[in-house]
Amino acid sequence: MSHAQAKVHRMFELVEPIATVTFSEVPNEAFLALGMRNYWDGYFAGRAAPLGLAPAEVVHAVFYNFADGEVARHIPWVWGKITPQEAIAVRERGSAAALRQMIGQLADSPGLARAADLATRAAVSAPTEGRVLYAALRALDVPEEPVARLWHAATLLREHRGDGHNAALVAHGIGGTEAHVLLALSLGMRAEEFGRIHHLPKTQLDAVVDGLRGRGLVNADGGFTDAGREAKERIETLTDELAAPPYSVLSADELDELVAGLEPIAAAVRSYDD
């Protein structure tokens with residue numbers, strides 16, 4: 001990994017905990033209060049809202065890694081309770097409140113405001129072609145309040161990377177459920193133990209694993225072959241390469257400053273979860 005790639009990967013590690021406060025208790029409770037039946041209703045309402053009233057098939061395609069039928073249990077049902085515009089507002093308010101709660105005094109620090117400015121400059125600078133969810137988020141107004149602005153920038157950077165990751169998976173012929181199997185194996189878990197797919201019917205999951213086995217990526221015991229491990233590493237390397245464009249607008253010193261500014265914030269979020 002080159003120095004530049006290492007810096008892009010470090011940004012992923014710092015952006016991820018900040019963006020994913022969206023999926024924590026405070027935003028979830030806000031969605032439940034508006035009539036969502038469960039966590040996943042709020043998840044799909046909030047994350048899909050920038051796409052407007054897109055049908056389940058489109059949301060499924062954009063999100064990429066949900067099993068067939070999972071999106072359709074929530075989209076379009078949620079739009080009978082809340083509009084996409086309302087969901088965008090609830091998500092932003094709830095996420096900013098969650099982030100503020102998790103980071104305490106850092107929320108009002110000059111360092112956070114500076115990090116929010118740098119992250120936003122990067123987050124709104126990348127080309128949108130082929131990046132559907134990133135493009136949808138770019139069409140939204142950037143919040144003015146620094147904590148909300150930092151969360152919004154982190155979400156843009158996360159989904160830009162996610163769109164690129166999906167492109168890398170497509171280029172390597174790896175489907176959504178297959179991607180979860182490869183991730184599980186890279187974490188030292190068997191597919192049926194992994195939280196995102198352990199609920200799938202055994203026959204369905206076995207068929208996915210068998211397909212990977214037939215392509216030489218999984219061995220007879222359900223673990224990685226050398227070819228499988230190499231394919232996963234190639235996908236991750238390409239994902240980092242495709243995640244680099246937003247950061248080219250920053251100088252090397254500014255990127256270093258952004259990394260330094262995000263480190264205590266991301267650490268506070270992680271320690272709060274712990």
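Reply: Happy to! Contact here means heavy atoms within 4.5 Å. On that basis, and leaving aside neighbours within four places in sequence, Leu99 is in contact with Ile18, Val21, Val147, Leu150, Trp151 and Val269. A word on the source: this is a predicted model, where local features need pLDDT of at least 70, side-chain atom pairs count only at pLDDT 80 or more, and totals for chains, interfaces and linings use all residues. Residues are numbered from 1 along each chain as its sequence is written, and side-chain values use heavy atoms, with hydrogens and water left out.

Leu99 and Leu150 are among the residues that touch the most other members of the largest nonpolar core, which has 42 residues. Such a core is a set of buried Ala, Val, Leu, Ile, Met, Phe, Trp, Tyr and Cys residues joined through side-chain atoms within 4.5 Å.

Trp151 leads us on to Thr22, as a polar contact of 2.7 Å joins their side chains. The Thr22 side chain makes another polar contact, at 3.0 Å, with the side chain of Ser95. For such a contact, a pair of N or O atoms lies within 3.5 Å; within protein, one must be able to donate a hydrogen and the other to accept it, and residues adjacent in sequence count only if both atoms are side-chain atoms. Beyond four places in sequence, Thr22 is in contact with Pro27 and Arg91 as well as Ser95 and Trp151. Thr22 counts as buried because its relative accessibility is 9%, where buried means under 20% relative accessible area, exposed over 50% and partly exposed in between (1.4 Å probe, protein chains only).
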